[in-house]
Amino acid sequence: MTERVLDIDDLHVRFRTADGVVNAVNGVSLGVDAGEVLGVVGESGSGKSQLWLAVMGLLARNGSAGGSVKLRGEEILGLPNSKLNRLRGARMGMIFQDPMTALNPYLTVGRQMTEVLTWHRRMKRRDAVRRSVEALEAVHITAAESRLGMYPHEFSGGMRQRVMIAMALLGDPEVLIADEPTTALDVTVQAQILALLNELRERFGTAVVLVTHDLGVIAQVADRVAVLYGGRLMEQAESGELFRHYRHPYTEGLLHSVPRLDEERTARLATIPGNPPDLAHLPTGCPFAARCAYVHDACRRAMPPLETVRGDHVRACYHTGPLGRREQVA
Amino acid sequence: MADGAVLRVSGLRVHFPVASKRLFGEKRWLKAVDGVSFEVGAHETLGIVGESGCGKSTLARALVRLVPLAGGAIEFGGRDLAPLSDKAMRAVRRDVQMIFQDPLASLDPRMTVGNIIDEPLKTLFPDMPKGERAKRVRATMQRVGLLPNQINRYAHEFSGGQAQRIGIARALVVEPKLVVCDEPVSALDVSIKSQVINLLQNLQEELGLSLIFIAHDLGSVRHISDRIVVLYLGRVMEIADRDAIYERARHPYTQMLIAAVPIPDPEIARRRRLEVVRGELPSPLDPPSGCPFRTRCAYAVERCAREQPALRRVGASLVACHRADDPEVARAAQTNEDRE
């Protein structure tokens, strides 16, 4: 029996800007279960980052969120910062693409780690140091004790991301949200960080939300996959099901436009024509309609509702016919 | 290939001075490119791969003489570019152009698209009549998929993919023979990346260009390249035809790079052994003795620390590894081939 840790229902995120209202997330419902890795795929303008910043209560000042986010059944959307701070330090953690933006360059890693514990957890300094060393060891940083005295810039990119993960783990979070954690890293370092995320999930049972544009990364670690476009959920399924039996034209387009090392090289790559959506000027109806090879009149009139394909595989699309097979598309 | 080469690079070195740790201490050098040799054939696309810090971007800049060289030769069009003055290089830039990674950062925000694309014509062909230039700008815009009515818009009004089309038009408008593309698709979205890769392929075929395509994404490099150079800490590890590299990588570093690329198929992805990927790039300021890769290599022996391996032919590859023909290393290449 799986436990739902995080329940997101009909989430909306809007930003007031000089160019008008930007609708970054437009009614997304998602759940995260204990111990699972949920992969969230999308390109720029999909709303994939803002969705999770809203969940964490970290939206920029001109942003506002509506809908509902429940952590183990308890509503957390719109909680005051004082309460959110307690959740963020302990029950939910988030790591970002560029660890340097989240780490303070003027403070040693040890100071930044122990502060979390002495401040939030009222831990004694000696215990906080011990706990920090354990956290660094959990992410396979060697000579952890001596590393506590180092500054963020003294670490390599991959090591910094490990430090970020260790910091997020200090409070034993129930959910770890990783927003493009490997995008800035080399493939060899990426492989190591992905292996680490997998290991942490198995060891500590932490639910992981992995936000990325890279379907290869998703395939490597995600149990379930949610595909976002224009601030909406387009398709969601268990990972094997999504990659083999996708039922949304956008998912198909994404999968086929990536050159794969394990397949015969094609003369030309399959592409999705056009450009990513402008969230300040979203069309009525399906945001993908303008780029979709299977577009119907109905798609431009109203957003298709989420429908069940089978089991927990859902999609939002009016097209009922078959999708092109890979070899035909390429 | 030897006689048909458009570009022949030999023993190229780029060394940057680094502040010494102590006052009056010995001057230290970062050897970003350290003795790199390769050729690019006519109408050929040569891919250059490697992780950050391997020197691939410095190499790109060195080829068009945007950074000072410490040594080596760059033969192009029958002469060596290395000793040329900036003024003499100007004439060469009609034939050798460059496309950069970040399209928006490399385009002047105060110039219109038309002016951006016209700029190289104006500076490199000062005698060309204005009408002729305007004609060329329009034709080039059309070629890269920009609309004529976009000519007076500013670069910041364009999305990343469109901006990269402007960058490509700016490089192609002078009708170069060789275009050096430094991570041209790395900053683009998945769906846009494939559009730009296809565009580069089409242009290469239509215009008979030679391309140098630099990237860290092995999937794109394999798709677009005829031959591939693998760099590590400023040195060439392996050079081979596209298919040879991916089917039977001879260098343990190439094998590791390929093993690290995630495959977008959960069934395959989960069967793969990620533990072959180990360690991190050592500091280029203090590279290991002998073979630079030995500190991460599963097959390193004592000789690798002592003696820097020279490029030599093993199978279909040129490879810099003492053990490349050892059955143990060759077996690892085999598993790449069998991976299904």
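In chain B, strand β4 (residues 71-76) and β5(B) run antiparallel and are joined by 2 bridges; helices (H or I, at least four residues) and strands (E, at least two) are DSSP runs, numbered from the N terminus. E75(B) has D80(B) in β5(B) as its bridge partner. The model is predicted, so local features need pLDDT of at least 70 and side-chain atom pairs count only at pLDDT 80 or more, while totals for chains, interfaces and linings use all residues. Residues are numbered from 1 along each chain as its sequence is written, chains are lettered from A and ligands numbered from 1 in the order in which they are written, and side-chain values use heavy atoms, leaving out hydrogens and water.

An open sheet of 4 strands in chain B has the order β2-β1-β4-β5, with antiparallel pairing (two strands pair if DSSP finds at least two bridges between them). β2 (28-41) and β5 (79-80) of chain B each have a single partner strand, so one side of each is left without a neighbour in the sheet.

In helix α3 (residues 113-124) of chain B, the buried residues include I116(B), I117(B) and L121(B); buried means under 20% relative accessible area, exposed over 50%, partly exposed in between (1.4 Å probe, protein chains only). The buried residues of α3(B) pack against α2 (86-92), β6 (96-99), α4 (130-143) and α5 (160-172) of chain B.

The largest nonpolar core has 72 residues, of which I117(B) and I168(B) touch the most other members. Such a core is a set of buried Ala, Val, Leu, Ile, Met, Phe, Trp, Tyr and Cys residues joined through side-chain atoms within 4.5 Å.

Definitions and conventions. Contact means heavy atoms within 4.5 Å.
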